[in-house]
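Work through the exercises below with the model open beside you. Try each task before you read its solution.

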Amino acid sequence: MEKICMEHGSGGRATGELIREIFESQFDSDVLSEMEDAAVVPGDATIAMTTDSFVVTPLEFPGGDIGRLCICGTVNDLCMRGATPKYITCGFILEEGADIPTLRRIVKSMADIAKEAGVKIVAGDTKVIEGNGGIYINTAGVGFVSKSVDIKAKNAKPGDAIIVSGNVGDHHAAILSQRMNIKNSIESDNAPLQDMVTALIQEEIPVHVLRDVTRGGLGTVLKELAMASRLSFCIEQEKLPVTPQVQSFCGLLGLDPLYMGNEGKLVAIVPEEYAAKAVEIIRSCKYGENACIIGKICAPKKDTDAGTLIMNTEIGGQRYLDILQGEGLPRIC
């Protein structure tokens with residue numbers, strides 16, 4: 001079976017073959033094929049930039065793999081500022097012994113989802129190190145932002161509605177199921193969200209805040225946004241979208257869907273009068289069919305209420321939520 005060896009990182013013939021046969025053959029980009037030390041690309045607008053590293057275990061899981069995950073994660077980070085993602089770079093760190101057929105599948109997965117998301121992979125790097133067959137990917141992304149778009153956490157206002165684009169906890173449950181060899185039908189939600197963000201902007205929804213729901217889960221994301229805006233966020237437990245399969249999985253292992261990671265969901269905060277239309281728009285997009293309004297934002301009644309996240313429970317009580325404490329799940333992305 002083909003494996004990565006230290007010679008693949010030598011910069012010589014084996015390195016060239018690895019780049020040509022695996023990376024260049026899939027990342028069909030006129031810019032990348034020039035094989036220069038830096039990519040020169042067109043652009044004349046305000047830019048958004050992001051970077052991320054992906055170390056998920058296992059490398060392949062129900063609904064996705066580390067390749068799909070790294071493109072979706074980078075695209076979504078750009079989208080959360082209202083940017084149109086355009087260019088991505090990727091750096092591979094390959095441990096000696098990594099399976100080459102697995103690497104081929106991962107690279108093809110990256111190419112396929114990059115095409116769906118409308119982004120070009122324009123530069124890359126590969127390093128080989130001693131190890132036990134691991135594969136790690138670092139990405140950087142660039143997108144263009146219209147001057148009329150201003151989306152950030154501090155823009156949240158009292159009266160705004162809180163929308164989530166779909167069911168929460170799927171990615172976390174899929175990864176953990178795979179690690180624990182638990183048989184179920186749960187798949188990761190890793191997906192690019194640029195279509196729904198573009199649609200919201202084009203339909204002139206005054207989006208105040210966008211945030212993708214990744215590590216730490218929905219509870220952590222909302223608490224961070226409440227703290228950044230110094231407002232009080234209130235959500236309804238009965239409105240949280242969780243599939244029966246994930247709910248059962250949580251009951252089995254004592255997990256809380258609010259603190260389970262996702263890789264294809266976003267939170268949108270918009271004025272209340274635009275909320276129903278925003279939900280309709282998101283539901284019309286791929287990956288947004290289960291979008292719903294889960295709560296609202298209030299002005300704090302006293303100083304101690306600023307930055308609070310409160311959940312009205314199904315039994316009529318209130319639960320004050322905080323940021324995830326400790327490690328939710330290692331190597332989830």
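A residue counts as buried when its relative accessible area is under 20%. The model used here is a predicted one.

**Exercise 1. Is Tyr87 buried or exposed, and what is its relative accessibility?**

Solution. 
- Step 1: read the value for Tyr87, which is 11% relative accessibility.
- Step 2: compare with the cut-off; buried means under 20%.
- Step 3: Tyr87 therefore counts as buried.

**Exercise 2. Find the aromatic pairs and classify them by ring geometry.**

Solution. 
- Step 1: search the whole structure; two aromatic pairs turn up.
- Step 2: take Phe23 and Phe92. Their ring centres are 4.6 Å apart and the planes meet at 45°, so this pair is tilted.
- Step 3: Phe23 sits in helix 1 (residues 13-26) and Phe92 in strand 4 (residues 84-95), so the pair links parts 69 residues apart in sequence. Both Phe23 and Phe92 are buried.
- Step 4: take Tyr87 and Phe144. Here the centres lie 6.4 Å apart with the planes at 80°. Planes over 60 degrees apart count as edge-to-face, so that is the class of the Tyr87 and Phe144 pair.
- Step 5: Tyr87 belongs to strand 4 and Phe144 to strand 6 (residues 135-145), so the pair ties together parts 57 residues apart in sequence.

**Exercise 3. Work out the strand order of the open sheet, and name its edge strands.**

Solution. 
- Step 1: the open sheet has four strands, in the order 1-6-4-5, and the pairing is mixed.
- Step 2: look for strands that pair on one side only. These edge strands are strand 1 (46-54) and strand 5 (120-129).
- Step 3: On average it is 15°, direction ignored.
- Step 4: go to strand 4 and strand 6. They run antiparallel and are joined by ten bridges. For Pro85, the bridge partner in strand 6 is Gly143.

**Exercise 4. Where does His8 lie, and what does His8 touch?**

Solution. 
- Step 1: His8 is in the segment before helix 1.
- Step 2: at 14% relative accessibility, His8 counts as buried.
- Step 3: leaving out residues up to four places away in sequence, His8 touches Lys3, Ala14, Thr15, Leu18, Ile100 and Val128.

Terms used
Residues numbered from 1 in each chain as written. Predicted model: local features only at pLDDT ≥ 70, side-chain atom pairs only at ≥ 80, totals over all residues. Heavy atoms only, no water. Phe/Tyr/Trp six-rings, centres within 6.5 Å; stacked < 30°, edge-to-face > 60°. Helix = DSSP H or I, 4+ residues; strand = E, 2+ residues; numbered from the N terminus. Buried < 20%, exposed > 50% of the residue type's maximum accessible area, 1.4 Å probe, protein only. Pairing = 2+ DSSP bridges. Axes fitted to C-alpha atoms, helices over the stretch in contact; angles between N-to-C directions. Contact = heavy atoms within 4.5 Å.
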